[in-house]
Every structure is written in structure tokens, then in C-alpha cells.
Amino acid sequence: MNDVQKKAGDLACAGAPRSEDEWDTGQGSLDVPDGYTAVNKSPRRLDALKLALGKGTYADDLELDGVLFVKVLWSPHAHARIVSIDTTEAEKVPGVRCVLHHGNVPRVAYTTAGQGHPEPSPYDSFMFDAKVRFVGDRVACVAADSERAAAIAVSKIKVEYDVLPAIFDPRAAFAEGAVQIHDEPEAVGLPGYDKTRNIAAAMHVDHGDVDGAFARADLVLEREYSVPYQAHCCLEPHSALTWLDEDNRLVVRVATQVPFHSRRILARLLGIPLQRIRVIKPRIGGGFGGKQEVLLEDLPAMVTLRTGRPARLVLTRAEELTSSRTRHPQLLRWKTGVMRDGRILAQELDVLANTGAYGAHALTVQSCTAGKTLPLYRAEAHRFLMKAVYTNLPVAGAFRGYGGPQGFVALESHMDELAGLLGLDPVQFRRMNVVGPGEDNPLAQALGEGKEGPPQRFRSCAIQDCIDQGMAAIDWSRRATLPKEGPIKRGMGMTCLMHGSGIPGVDMGSARLKLNEDGSFNLHVGATDIGTGSDTILAQIAAEALQVPVEKLIVYSSDTDHTPFDKGAYASSTTFITGVSVKKAADGVVRQLLDAAVVMWAHHGDPCPREGLFVKAGAVHRPDGKSLGYDAICLSTFYSHDQHQIMDHGSHMTFECPPPFAAHFAEVEVDTETGGVKVLRYVAAVDCGVPIHPKSAEGQTEGGIGQMLGYALSEDFTFDPGGKLLSDSFRHYKQFSALDMPELQTILVKSFEPAGPFGAKSVSEIPADGPGPTILNAIADAIGIRIRELPITPEKVRKAWLEKQAGGAK
Amino acid sequence: MKIELEVNGARACWECEPHEMLTEVLRRNGLLGVKRGCESGDCGACSVLLDGEEVPSCLVLAAQASGHAITTIEGVGDFDDPHAIQLAFVDATAVQCGYCTPGMVIATKALLEERPSPSEREVRECLAGHPCRCTGHKKPVEAVLAAAATLRARGVVSDSGDDPIADTARSVG
């Protein structure tokens, strides 16, 4: 056995698995091992061919006999009480089987935020309510034999509204005398919740002597920033199919990131035992946080319970954009105190967030705005102030980055501006203040998930390497000589970023693994592949531990009847949390394989000690060169000796939350005559630990950048004066297309995270943090104007340019 | 009403309502690889070839397709015989959630039949009507260029436009 094989064998064999304590504390070497056989490689993704053939079945890709089509009547008013609903004419439409509204469904306060129990979001929603709170809020729904009949019936529901004053400006939401959006007695939230002032969540965190540190600073800079709504734009709309199976149980097939949370929340909402519900997550056409919401499955489920018939609800694109969830718009005020030498003393962040009509994720997204940004640079003292307020506008929720993208717009714009004021190079200024390996995160405890969080220490941290490699890739030295003459000017900007890996002390994932007679394995995970590649990545982790090719794994995921629990696909947790549960299950299976091999060899009259056995290439090997294949071992344990099923399971929760780090770089061209900004080049250097599937890690990075270049430059919600969304189609909500994308380069920087499976930490959300501030910094370099508001439309750039020419702005 | 058309090389005679769009009728007849993303022609998820030309099937009345040849993603390749374009998407890791992929594969097929050696710019123009929220479009562009190279090497397409696949599609209906 050569060294590489030995190392791989050691990693997988029974003597090597790490103790629980080691996983939980993330202790261990930071060296990157070589000799991996299945991880840190990019095999074909397990579902890719199926999807490219068009054979992937998404929620709506199932034909059900007798299915009822559900259509929703949405509120035309931003804020109104429902005085009466008359469904007489609607019920007369041929084919109509069921009409639901607030008068005939249970009234259960809940949150649509698909979070763990107990959810840290306010319980301020109902299946239907006697009040509507934004244009696009639920009023009623109709189930009919055809989609057309349902749509006609919806148009015949007569509703009398008592229209109320509406709040569209978050700054006005908590003012004296403002109309109360949630005046229902049931609405409750965590400390800080004050529905009488339209405050869905609030925080105040002080770390260190904040005022003292600002008083000692040589320079204090304070700036305000504004970031807009953003739509997830999953190409697959929210969809749910429901039916009763032969045991009269409710089956819910839904486009969700959180099948287990969906089951738990549905049981409460519908008033039926949880054990009577099975939630199935089929293939998912993108989530990005939008499908972390338990948004629509309650309606077809209620229809099915009422009628006994299958039901189907699929949102249209306009409904998706208007009535699903969005990224929280924020107004941010960032204040930093620095010394002349560039040392940061204190940072203060004040966020006013618009959570829209309901408070889904209002506390935790905003808490992450601070949690992902404030710890990135060392400081003696920190302050975080936050209010998330209700308005009569579309509802915000979870969205890739989860508050980070908003916060980094402020922090990383601020860092560039500070460097300029101090006469320092922006890269050097960051390098001297950015955290490094072995340092503690001083804010981890204060900024937990709705409660105190566990303490955190940064272990793997290759941010300096990210900066080095990103600068080399974009050739940062060109920055000084980029053309500034003429109306079209060029500039370069950069940012440093960090994120998290799962919710420490909260998120749990689990896996079950069993051996078949041909040496293949069934891997059952609750984890939810929404296009992230997690089915493949978890199979690779199992394959590495088992020392088999990844093709030997048959993955089945996300079915509440047939897979073990998982928190769901959010918080950058699947690889880091569920991945370790898979590793634990596989390590257990390896131990059982070694035991069974010892039994077999004894029965063959060729006994050998268990010590020294190792697994490699789908077989148990002993030091004298003899081996037994997994297929032979399985046959023996099924039919001959010590008969049992070789099978194990693993669960994982950790108090560790190692941040991935990244440095982003962009080169832009600004046309001062039109205000147009063209992104020419974009480089992302990311430290995500050992990437399990490097091509997928690149794909996550490139996709996150594509999504967020739209956030930076082109995506915006526009409303009519009554609060109706006007940009409710892909034609009016402009994403970056293949033609808009710049030349894009991803660098996966070498790093090893001891708390992660085979050295991995997360990669899916951190790319979303970068494009906003990176583009703002590049524009500032190009035209010498600091824009502090997204999206950076040509109108804003042109206006700022004209003001600068007139000497009115700096 | 009844429509008669050629679908993936086989004759089909289907019932539909006069107002129904082709997307709905194809899906109702089991061609579920035709995805619904916007129903306004803005996303390309429902793209099919109509007499060899890419069309968003959500903007075509089913009745308009009567008498024509339709190729859906199901007609492009199968597990036993995937098309080089489909394999290129798989091998480039250009398939993430996969919801846009059938439409992109259809668009690529139409493009490469017309332009066997497209420039990167032409590939981007082709995919611009296919928003993809997962990939940032980098790997899909790479996949199309790789598929073009594979097909040229196999002589399946050439600059003369002599393309047996396209000819099959054109000959039906």
C-alpha cells in the first residue's frame, strides 16, 4: 500500500473516526490532507443527466386523477379590513368544489418562516385573516375541476373592504399616530416585538466600551446606505400538490427547502396529527431562501382535507413576484472610529429594515446583517442597533446571504471611504484589520439565533490568501493606470467577506446508510437538494468514508416518511452539518464491515485479528494482502454468518460555525454620458475549506455573483401609489442574463476546516455578499463618486455625475 | 377541438381547448420536461422546436401547432442515448437546479443547427432568453461551446448546414 492509499484508508477505517468532542470543538490539524478518493473531486452530479434529459420530476410534474386546481384571490388593497365576503356566484361556476376564506378555516396564528422549533419569527400570520396588509395578500381561494373554472370563480367572489391608511415608508412605520398593521390580539413575537408601533423585531447589542472607543478615535466616519427589495426568481415557481393516500394520510408534495418544518407547521395549521402528514420534496427548481417559507402548501392541503380530492396550487410569475418573499430592504447607518495609523477602534451599525406586511425572518435576517459583518475586522468595541418594521408592502424573508449582502454594502463601502480619508491603500487597510486564524469572534454570543449563541473562534481563515490570489488574478496593479480620460472611465474595486456555516447549537442533520448485496449503499438523508448538488456532495462524503466510487451510492432525500430528520437547506448548513452526519453513519458502517469480515474469515478457517484491517476500493483488507469485497460481506451477513443488516445512522449538531472567507474584485466601465455601468471582469477568491465538489463550489460562487450583480445594478421593485408592485414580470424585473455577465473567475483557495467533513465549510451564501459593495467601490474608483444606494441605475450615476460637475456633491 | 401534429417523431392526435397554450397540452400529454416558468415568453423554460425553430411553447396556441412538427426535450435524447448537448451540460456542471436546462438544451440545438461554430457572443445571445438563477451562466456557455466542438468533431453538424438531426426534425409534420 502506498502512502496515499494508506492515508485514505486511515481516514476511513475504524480506528480513525474522530470523537464527538473533536467534531464539536473543531480541534485538529489545519493541514489539507492529500489522497482523497471521492471528495475534492468533481464527478458528474448524480441528478444531472436526468435533469438534462428533462426527466427530473419537480413538484408539479405528477399527474393525479381528479386533481382540483386551486387559485387564490389576492388583495387589491395595501391595507383594509374585510367587511364581507360573498362567494355565492363563485360557487355557482360549474366545476367549483371548495371555496376557502377567513370565515370557514381555523384561525391559527403562525409564521410562514420555515425555521426550527420554536421559530424566532413573530406569529403574525393566519391561513386567511379578516384583514389584508399588502397588495397581494391572501383573501380567499377556490378549488375547481379546471384551472379556468377556478380562475373564473375567483373573479366572482364579492368582497367588501374597509380601506385603511397604508404605510409604505419604513421610517414612518413606528412614528406616533401611525396606523397599526397588526392589531390582532394573537400576534406575538420575541422580546423587542412591539406591534403597537409596527416593530416586528428590535435589537440593541453593545460589546466593549463603545462610547469610550469612539471618543478616543482620531477619526470617526458615519455614513448612510440604502438597499432595496430583491426577488429570488427561482425559475420553478412555488408549487404544491396534495392528496390522501390509501391510509387516509395527507401527502404533500411541495417545492420546499424545509420538508420537516413544513410538516410540523402544517400539522398545527390544519389541526391534524403530525403523523398523518407526509411531506415529499421532489426535485426543486431553485430556492435561494424563497422556499424556506411555508408559503402555500396549507391551501391545497386544506382543500384535500375538505374534499377528499387531490389538489394543486402553482403560483404564476406575477404572483411569485408580488406575493411570495423578498430580500429585506434596509436603511443602514455605519459608523467607525479609527486611529491615524489605520487601526479600527469601534464599529457601530444601525439598521432600519422593512419586513413588509409580515415578520418572517425579521429578527434573524437583521441579526445576521450584524453577525456576518461586524466581526470581520478587529475592533475593541461594537454596537448594533436594529429595528425591523411592518409596512404595507411585499413580505420579506430568507434570501441567500440572509442579511449579509445588505450589511456588506455598508461595511465594505465604508472601509474604502475610510482608507481614502486616512490616505491608506484600501487593500492594506483591510489587511491590517481583518481577523486571522486563532482569533475569537467577540460578537458570536450576543448575536445568536434569537437567543444567546455559542462562543466562536476562527480556525481555518485564509482571507489573506484570498486577497493575494484575487489581486493576482485581476492584476490589481493595473488599477492605478486604468483610463480616466474621456467620458468612459474605468475603475476597480475589491471587498473582503465572511459568512457562516449552519446555525451553531440549533441546526441538526441526520443520515442513514445501508449496504446491499452488490456492494452498493442506500443513503437516506433529510437534507434538501434544491439545485445545490447536496445529494451528490453527501454521496461523495459517504463514498470517501466507505472507500467506494460515488456511483455506489443510491441517494434518496427529503421525505418525512422515509428519511431521517434534517433542518433543511438553509444557513449554508448542508455540507457542513449534514455532511458530518453522513460521515458518522459511514464510519459506523465501516466498523460493522470490519466486524463482519473478522467473522467471515474465522468461519473460513482463516482467522485474523481486527487490528490492522482497513477499507479500500470497496473491500476490507488485511495486512497480509487478503481481502473481502463488500458484496461478499453483505451476502454473508444476509444469508450465512452472524446474520444482520449492515446499516448505521448518524446525526450531527455542533456549536461550531466556521465562516468561509472571500475576497471579491471587479473592474467596471462607467459611461458618464449615459450613467451606464458595465462590469468587465469579476474575480472571486473564496476560502470554503476543502471543496467537496469543486465544480459545484465554483457554480455556487458564479451563480451567487450573477444573482447579486442584478441586485447591484438592475433589479428593483417599483410600486404604484397604492402599493401595487409594477415590476411583476421578468420583463420588468431585470436579472443579469448571459449577455450581461462579465468575464468571471472563481478561485478556490486552499484551506482546511477541522470542524467540517473532510475539511469542508460552507460556500453557497458567501458569494451573495460581494457584488453590491464591490461594484460600488469600483464605480467610486472609476468616477470619484461614492454612491450609497442600490440598485446603481444609470439615472443615479448620471445624476451624481452632473451634481459633481456642478460642484454640488463630493 | 382536435389537433394533429408530429411530436418527437411520432404522430399525435390530441384534444385541446381553443384557448389552450401548447405548453399545457404538451404537459398534459406527459411531456413534463417542458417547464413552466413565466407563461409570458420571458424565461425559455418551455422552449420547444417547432419545425426546427425554437419557440416558447407558452406563447403558441396548441391549435397553431396543428400540422407542424414539435421536438421537446424528450425527443432530444434518452438515458440510453443522450444527445451530445445534454452530455456537455452534464460534464460542464452546467446543470444545477436543472429547471432551465431543458429549455437551454433546446435553444442550443436550434443554435448549433444554424451555426455549428458559434462565437461565445453568439452563444450568450442564444442563452440570453433563458434566465438561470443558479449558474451565473458561465458553465452553460462553456457547455454550449463544448457541445459545438463535439458535434463538429463527430461531423454531425458542419458549416454547410448539412445536419441529419435537423433534417429529421424538418422532415416530419
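Let's start at E39(B), which sits in the loop between α1 (22-28) and β3 (47-50) of chain B. Helices and strands here are DSSP runs, numbered from the N terminus: helices are H or I with at least four residues, strands are E with at least two. Before I go on, a word on what you are looking at. This is a predicted model, in which local features need pLDDT of at least 70 and side-chain atom pairs count only at pLDDT 80 or more, while totals for chains, interfaces and linings use all residues. Residues are numbered from 1 along each chain as its sequence is written, and chains are lettered from A and ligands numbered from 1 in the order in which they are written.

Back to our residue. What is the phi of E39(B) near? The value is near 60°, positive in a residue that is not glycine. Most residues other than glycine have a negative phi, and most peptide bonds are trans. Is E39(B) buried or exposed? E39(B) is buried, with 20 other C-beta atoms within 10 Å. By our cut-offs, a residue is buried if 20 or more other C-beta atoms lie within 10 Å of its own, exposed if 12 or fewer, and partly exposed in between, with C-beta atoms placed from the backbone.

Chain B has another residue of this kind. H137(B) has a positive phi of about 70° without being a glycine. You will find H137(B) in the loop between α4 (120-127) and α5 (138-154) of chain B. H137(B) counts as buried because it has 28 C-beta neighbours inside 10 Å.

Chain B is assigned domain 1 (2-75) and domain 2 (84-162), with bounds that come from an automatic or database domain assignment. The centres of these domains of chain B, taken over C-alpha atoms, are 21 Å apart. Where they meet, 13 residues of domain 1 of chain B are in contact with 13 residues of domain 2 of chain B; contact means that the C-beta atoms of two residues, placed from the backbone, lie within 7 Å. On the domain 1 side, β3 and β4 (53-56) of chain B each give two or more residues, and β3(B) has the largest share, 3 residues. That side divides into 6 nonpolar, 4 polar and 3 charged residues. For these classes, Ala, Val, Leu, Ile, Met, Phe, Trp, Tyr, Cys and Pro count as nonpolar, Asp, Glu, Lys and Arg as charged, and the others, Gly among them, as polar.

How do the two chains meet? The contact takes 45 residues from chain A and 42 residues from chain B. In chain A, the elements giving two or more residues to this side are α3 (48-52) and α18 (694-713), and α18(A) gives the most, with 8 residues. By class, the chain A side has 18 nonpolar, 16 polar and 11 charged residues.

On to chain A. Its domains are domain 1 (3-35 + 506-653), domain 2 (166-227 + 330-440) and domain 3 (239-323). Between the centres of domain 1 and domain 2 of chain A there are 43 Å, taken over C-alpha atoms.

Which residues have the most contacts inside the largest nonpolar core? They are L523(A), A542(A), L593(A) and I779(A), in a core of 305 residues. A nonpolar core is a set of buried Ala, Val, Leu, Ile, Met, Phe, Trp, Tyr and Cys residues joined through C-beta atoms within 7 Å. Helix α16 (residues 574-603) of chain A supplies the largest share of this core, 13 residues. L523(A), leaving aside neighbours within four places in sequence, contacts residues including A542(A), L553(A) and V582(A).

Helix α16(A) also packs with α15 (residues 534-546) of chain A, at an angle of about 35° and with axes 8 Å apart. The axes are lines fitted to C-alpha atoms, for helices over the stretch in contact, and angles run from 0 to 180 degrees between N-to-C directions. Among the residues that meet are A542(A) in α15(A) and V582(A) in α16(A). The contact divides into 10 nonpolar, 5 polar and 2 charged residues.

Last stop: two cis peptide bonds. The one from H117(A) to P118(A) has omega near -10°, and P118(A) is in the loop between β3 (96-101) and β4 (131-132) of chain A. The bond from L790(A) to P791(A) is cis with omega near -10°, and P791(A) lies between α19 (771-783) and α20 (794-805) of chain A, in the loop.
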